[in-house]
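Good morning, and thank you for making the time.

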Amino acid sequence: SGVKGFVKDSITGSGLENATISVAGINHNITTGRFGDFYRLLVPGTYNLTVVLTGYMPLTVTNVVVKEGPATEVDFSLRPHH
């Protein structure tokens with residue numbers, strides 16, 4: 001169980017590499033892969049996830065529910081700074 005998905009540019013739709021994903025209350029950040037992909041193991045529960053990448057507005061998604069079984073899919077669309 002956990003979360004997986006992609007971090008993308010909201011305008012171009014392209015995957016964003018090296019974005020940092022943090023989970024509130026857990027001191028272990030992960031970064032996205034070459035295609036903006038990520039996977040994070042989490043025990044079942046409800047989480048708040050924040051994505052940060054230089055040049056983009058930070059984005060937080062709240063109340064992501066993780067259940068036993070396949071990873072919950074969450075995609076992030078980051079807006080570039082103007």
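Let me begin with a term: by contact I mean heavy atoms within 4.5 Å. What we are viewing is a predicted model, in which local features need pLDDT of at least 70 and side-chain atom pairs count only at pLDDT 80 or more, whereas totals for chains, interfaces and linings use all residues. Residues are numbered from 1 along each chain as its sequence is written, and side-chain values use heavy atoms, with hydrogens and water left out.

With that in hand, consider threonine 32. Not counting residues up to four places away in sequence, Thr32 touches Val7, Leu16, Glu17, Asn18, Ala19, Ile21, Asp37 and Phe38. Threonine 32 sits in the loop between strand E3 and strand E4, the latter spanning 37-41; strands here are DSSP runs of at least two residues, numbered from the N terminus.

A polar atom of the threonine 32 side chain lies 2.7 Å from the backbone oxygen of leucine 16. A polar atom of that side chain also lies 3.0 Å from the backbone nitrogen of asparagine 18.

Asparagine 18 deserves a word of its own. Asparagine 18 belongs to the loop between E1 and E2 and has a positive phi of about 65 degrees, although it is not a glycine. At 49% relative accessibility, asparagine 18 counts as partly exposed. Asparagine 63, in strand E6, likewise has a positive phi, near 55 degrees, in a residue other than glycine. Asparagine 63 is exposed, with a relative accessible area of 57%.

I turn now to strand E2. Two strands pair if DSSP finds at least two bridges between them. E2 pairs with E3, residues 26-31, in the antiparallel sense over three bridges, and with E5, also antiparallel, over four bridges. Isoleucine 21 stands opposite isoleucine 30 in E3 and opposite valine 51 in E5. The hairpin of E2 and E3 has two residues between the strands, and glycine 25 there takes a positive phi near 90 degrees.

Next, strand E4. E4 has a covered face, Phe38 and Arg40, and an uncovered one, Asp37, Tyr39 and Leu41. E1 and E4 pair in the antiparallel sense over five bridges, with aspartate 37 in E4 as the bridge partner of phenylalanine 6. The charged end of lysine 8 sits over the ring of phenylalanine 6, 5.5 Å from its centre; the criterion is NZ of Lys or CZ of Arg within 6 Å of the ring centre and within 35 degrees of the ring normal.

How many aromatic pairs does a search of the whole structure find? It finds one. Phenylalanine 38 and phenylalanine 76 form a tilted pair, 5.8 Å centre to centre with 45 degrees between the planes. Rings of Phe, Tyr and Trp (its six-membered ring) pair if their centres lie within 6.5 Å; planes under 30 degrees apart count as stacked, over 60 as edge-to-face and the rest as tilted. Phenylalanine 38 lies in strand E4 and phenylalanine 76 in strand E8, so the pair ties together parts that are 38 residues apart in sequence. Both phenylalanine 38 and phenylalanine 76 are buried.

I close with the core. A nonpolar core is a set of buried Ala, Val, Leu, Ile, Met, Phe, Trp, Tyr and Cys residues joined through side-chain atoms within 4.5 Å. The largest one has 19 residues, of which Val3, Val7 and Leu49 touch the most other members. Strands E1 (2-9), E2 (20-23), E5 (45-52), E6 (59-66) and E8 (76-78) each supply at least two residues of this core, and E5 gives the most, with three.

Key:
Buried means under 20% relative accessible area, exposed over 50%, partly exposed in between (1.4 Å probe, protein chains only). A polar contact is a pair of N or O atoms within 3.5 Å; within protein, one must be able to donate a hydrogen and the other to accept it, and residues adjacent in sequence count only if both atoms are side-chain atoms.
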